[in-house]
Each structure stands twice: as C-alpha cells, then as structure tokens.
Amino acid sequence: MHIVCPRCLDINRISHSQLSQRPKCSACHQAMFTGHPFKLSSRNFDLILAHTDIPIAVMFWKIDCPTCKTMETAYQQAASHLEPWVRVTRVNMNQERAIPGLYKVDDAPTLLVFKNEQEVGRVSGLLTTNEIMRWVSQYV
Ligand SMILES: [Zn+2]
C-alpha cells in the first residue's frame, strides 16, 4: 500500500505487516506516523488523498470555536490510538477555504473520513475521545 510521509510528502510503499512496526520514511527517515493530527492544506491535500491507502480522518476546526478546542484534546488522544490504521489529519477552516468549500463543510467541529479518495462519513459537533475512536473505527 502507499502512504505519504507527513514530513517530506514522499510517497512510500509499505506492506500491511510493516504498518504496525513504526515504519520510517524511505526518503527522510522520520516516522511515518506520529500519533498527532497532521495539518492538511491546499498544497498537500490532493497528494495525500490520492496516495494514502488507509482511511483518512479529517477534523475541520475554526480558531474562534471553543467546542473545537475541547474536541481537539479528544482528537489528539484518539489519534494516538487510531494511527497507524487511520491517517489522522485536521484542516484549519480560517486558513484553508478551498477544502471546506469543496466538501461544503460549514460547521466546526466537523469530522470527515475519506477512503479511496471519497468521503465515506461525516459527523458534526462535539465528540469524546471514545466516541471519535468508535465512529472512525467503523470505516477501518
Ligand atoms: Zn519523509
């Protein structure tokens, strides 16, 4: 399967068995999974969507949103459990207008899951760590 390095954006080929063994990028030698949500932007979004052969979770958030701050802590905790089975990412809606526009995301926080470049799930509003893990895991 293909996974994009979150640091240098090199497209790595990884086997299923390597996935659980803390794989490192063949180009920059950094960890392919950090357990922290990776920041998506219009510069890396298309590449990551096209070359990530595991589900991608995306949390859309806004700076002036107290619910997003609460959920961010839960999302961070969920990320450390969901990776490497899911690529855990987030989009800052104040900085990135194109991605929310493309998927018609208005409310924050909103969680989307992509598989094979397609949106397969969406939920809005505050979720706990366990709720995030349960909801995202159904797409693995
Ligand atoms: Zn790399």
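Q: In the hairpin of E6 and E7, which residue takes a positive phi?
A: Asn-116 does, with a phi near 50 degrees, in a hairpin that has 2 residues between its strands. A word on the ground rules: this is a predicted model, where local features need pLDDT of at least 70 and side-chain atom pairs count only at pLDDT 80 or more, while totals for chains, interfaces and linings use all residues. Residues are numbered from 1 along each chain as its sequence is written. The names are DSSP runs numbered from the N terminus: helices (H or I) have at least four residues and strands (E) at least two.

Q: In which sense do E6 and E7 pair, and over how many bridges?
A: In general, strands of a sheet pair through backbone hydrogen bonds, either parallel or antiparallel. Here, E6 (residues 110-115) and E7 (residues 118-124) are antiparallel, over 6 bridges; strands pair if DSSP finds at least two bridges between them.

Q: What is the order of the strands in the open sheet?
A: Its 5 strands run E3-E5-E4-E6-E7, with mixed pairing. E3 (38-39) and E7 are at the edges with a single partner strand each, so one side of each has no neighbour in the sheet. H3 packs on this sheet, touching E4 (56-61) and E5 (87-92), and its direction makes about 165 degrees with that of E4. Touching here goes by contact (C-beta atoms, placed from the backbone, within 7 Å).

Q: How do E4 and E5 run, parallel or antiparallel?
A: Parallel, joined by 6 bridges. One of the pairs to look up is Ile-56, with Arg-87 as its bridge partner in E5.

Q: Which residues cover the two faces of E4?
A: Start with the general idea: in a regular strand the side chains alternate between the two faces of the sheet. In E4, Ile-56, Val-58 and Phe-60 lie on one side and Ala-57, Met-59 and Trp-61 on the other, all buried. Buried is a count of other C-beta atoms within 10 Å of a residue's own, again placed from the backbone: 20 or more is buried, 12 or fewer is exposed, and in between is partly exposed.

Q: Is Val-88 buried or exposed?
A: Val-88, in E5, has 28 C-beta neighbours inside 10 Å and therefore counts as buried. Leaving aside neighbours within four places in sequence, its contacts include Phe-38, Ala-57 and Leu-82.

Q: At what angle do the axes of H3 and H5 cross?
A: Two packed helices are described by the angle between their axes and the distance between the axes. The axes of H3 (residues 66-82) and H5 (residues 129-137) come within 8 Å and cross at roughly 45 degrees. Axes are lines fitted to C-alpha atoms, for helices over the stretch in contact, and angles run from 0 to 180 degrees between N-to-C directions. That makes H3 and H5 oblique to each other; under 35 degrees is roughly parallel, over 145 roughly antiparallel, 65 to 115 roughly perpendicular, and the rest oblique.

Technical notes: Two residues are in contact if their C-beta atoms, placed from the backbone, lie within 7 Å.
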